[in-house]
Amino acid sequence: MADRWYNAPLGAQIAQEVTEGAADTSQYAAFRVTYDATGNKKEMTLLALEAIRQYVLQDNWPPV
């Protein structure tokens, strides 16, 4: 399977602060997408990101 990593420093607010690559560059926040997974579409990725956002909003902080 082929993965793409999207990395951003915490607090990033614009697309220019996000990097995309084949590996996690450890910029504090990373999201991995397996882009050749069965049924993967851009819409499904955006739905997953929204679910993560909702989880972070509801979870304790810091998440330990």
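These are my notebook entries on the structure above.

**Ground rules**

I am working with a predicted model, in which local features need pLDDT of at least 70, side-chain atom pairs count only at pLDDT 80 or more, and totals for chains, interfaces and linings use all residues. Residues are numbered from 1 along each chain as its sequence is written, and side-chain values use heavy atoms, with hydrogens and water left out.

**Entry 1: overall layout**

I looked up the secondary structure. I found one helix and three strands. Along the sequence they run β-β-β-α. Helices (H or I, at least four residues) and strands (E, at least two) are DSSP runs, numbered from the N terminus.

I then took the box of the C-alpha atoms along the principal axes. It is roughly 35 × 25 × 20 Å.

Next came burial. Of the 64 residues, 12% count as buried. Buried means under 20% relative accessible area, exposed over 50%, and partly exposed in between (1.4 Å probe, protein chains only). The protein exposes about 5400 Å², and carbon and sulfur atoms supply 56% of that area. Accessible areas come from the Shrake-Rupley method with a 1.4 Å probe; for residues, only the protein chains shown count as cover.

I also checked the charges. The mean positions of the 5 positive and 8 negative charges lie 5 Å apart. Lys and Arg count as positive, Asp and Glu as negative; His and the chain ends are not counted. Each charge is placed at NZ of Lys, CZ of Arg, CG of Asp or CD of Glu.

**Entry 2: strand pairing**

I asked how β1 pairs. β1 and β3 are antiparallel over six bridges. β1 and β2 (residues 19-21) are also antiparallel, over three bridges. Two strands pair if DSSP finds at least two bridges between them.

**Entry 3: N7**

I picked N7 in β1 (residues 3-8). Its bridge partner in β2 is T19. N7 is buried, because its relative accessible area is 1%. Leaving aside neighbours within four places in sequence, I noted its contacts (heavy atoms within 4.5 Å). They include E17, V18, T19, A23, D24 and T25. S26, Q27, A29 and A30 are also among them.

**Entry 4: T34**

Is T34 buried or exposed? T34 is buried, because its relative accessible area is 19%. T34 sits in β3 (residues 29-34). Not counting residues up to four places away in sequence, T34 touches M1, A2, D3 and N40.

**Entry 5: L10**

I moved to the loop between β1 and β2, where L10 lies. L10 is exposed, because its relative accessible area is 63%. L10 touches Q27, Y28 and A29, again not counting residues up to four places away in sequence. I also took the C-alpha distance from L10 to N60. These two are 50 residues apart in sequence and 17 Å apart in space.
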